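Q: Could you help me see what the words used for a protein model really stand for? I would like each word set against its cut-off.

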Amino acid sequence: MSTPSFSDSDEERTTPAKLFGRQRSIREVLGGGKVANVVLWEDRIVSAGLLIGVALIWFLFEIVEYTFVTLLCHILITTMLVVFIWSAGADIFNWNSPKVPDVLLEETLYKEAALIVHARFQDSSEMLFSIACGKNPKLFFLVVVFLWILSIIGTYVSFVNLLFVGFLCIETLPYLYQRYEEDVDDLAYFANRRIRRIYKIFNLKVLGKIPRGPVKEKSM
């Protein structure tokens, strides 16, 4: 019996779609505003500052092995000493008195971040619930395998490392995707086509040969 082959003509010839089937730009997906500016590196100073700050925190926790309480106390002590010296020297050297940065007092940035996190959490919850209902068995199988692999990675990677890698991906992947959007969409499109062909072969040669019992007709 010859091995079935699937050519490109077996599937619909369509133009490469956007990644994950989205219709909006990556900036609109991120909610726009200041959060999108930071993630897409349009505000390079804030983006670089956040990345350096998170990298420094990761270094202190993982390399220096600080505990959270010790690190927090040392940061507060250092901050208070700097503010005290600055405030004492302001009268002597005619410096400007220290003030709380406007960025920390601005509510819109925190509201936008909270709304985006809430929207993504709600979308993810609805998507996982829909997958768990078994409406798409192939997607259900892929999600289970992905979560199983993630659980294995979690046994070897600490929570701090996982958070740092996650933040690093958030700070870099959207920016790189926006820059090379067409190339990534093309690669994702052709990878999706190949996966679908492999699944068809697997379904025909393995799943299709699993014996099934006769279907009994329901009596009225």
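A: Let's begin with a word for how helices pass each other: a crossing is left-handed if the near helix is turned anticlockwise from the far one by less than a right angle, and right-handed if clockwise. A helix here is a DSSP run of H or I with at least four residues, a strand is a run of E with at least two, and both are numbered from the N terminus. This is a predicted model, in which local features need pLDDT of at least 70 and side-chain atom pairs count only at pLDDT 80 or more, while totals for chains, interfaces and linings use all residues. Residues are numbered from 1 along each chain as its sequence is written, and side-chain values use heavy atoms, leaving out hydrogens and water.

Q: Which crossing does helix 6 make as it passes helix 7?
A: Helix 6 passes helix 7 in a left-handed crossing. Helix 6 covers residues 107-132 and helix 7 covers residues 137-156; they pack at an angle of about 115°, with their axes 9 Å apart. Axes are lines fitted to C-alpha atoms (for helices, over the stretch in contact), and angles run from 0 to 180 degrees between N-to-C directions.

Q: Which residues of helix 6 and helix 7 meet?
A: From helix 6 come Leu 128, Ile 131 and Ala 132, and from helix 7 come Leu 139, Phe 140 and Val 143. The residues of this contact divide into 6 nonpolar, no polar and no charged. The classes are these: Ala, Val, Leu, Ile, Met, Phe, Trp, Tyr, Cys and Pro are nonpolar, Asp, Glu, Lys and Arg are charged, and the others, Gly among them, are polar.

Q: Why is Ala 90 called buried?
A: Buried means under 20% relative accessible area, exposed means over 50%, and partly exposed lies in between (1.4 Å probe, protein chains only). Ala 90 has 5% relative accessibility, so Ala 90 counts as buried. Ala 90 sits in helix 4, where Leu 71 and Gly 89 are buried too.

Q: What is Ala 90 in contact with, leaving aside its neighbours within four places in sequence?
A: Ala 90 is in contact with Trp 95, Asn 96 and Ser 97, where contact means heavy atoms within 4.5 Å. The buried residues of helix 4 pack against helix 3 (44-63).

Q: How do you know that the reach of helix 4 is close to the one expected?
A: The expected span is 1.5 Å times one less than the number of residues. Helix 4 (residues 68-93) has 26 residues and reaches 37 Å from first to last C-alpha, close to the expected 38 Å. Helix 9 (residues 181-205) has 25 residues and reaches 36 Å, close to the 36 Å expected.

Q: What makes the phi of Trp 41 worth a look?
A: Most residues other than glycine have a negative phi. Trp 41 is not a glycine, yet its phi is positive, about 60°. Glu 65 also has a positive phi, near 65°.

Q: Is Trp 41 buried or exposed?
A: Trp 41 is buried, because its relative accessible area is 18%. Trp 41 is in the loop between helix 2 (33-39) and helix 3. Glu 65, in the loop between helix 3 and helix 4, is exposed because its relative accessible area is 63%.

Q: How many helices and strands are in the chain?
A: The chain has 9 helices and 0 strands. Buried residues make up 13% of its 220 residues.
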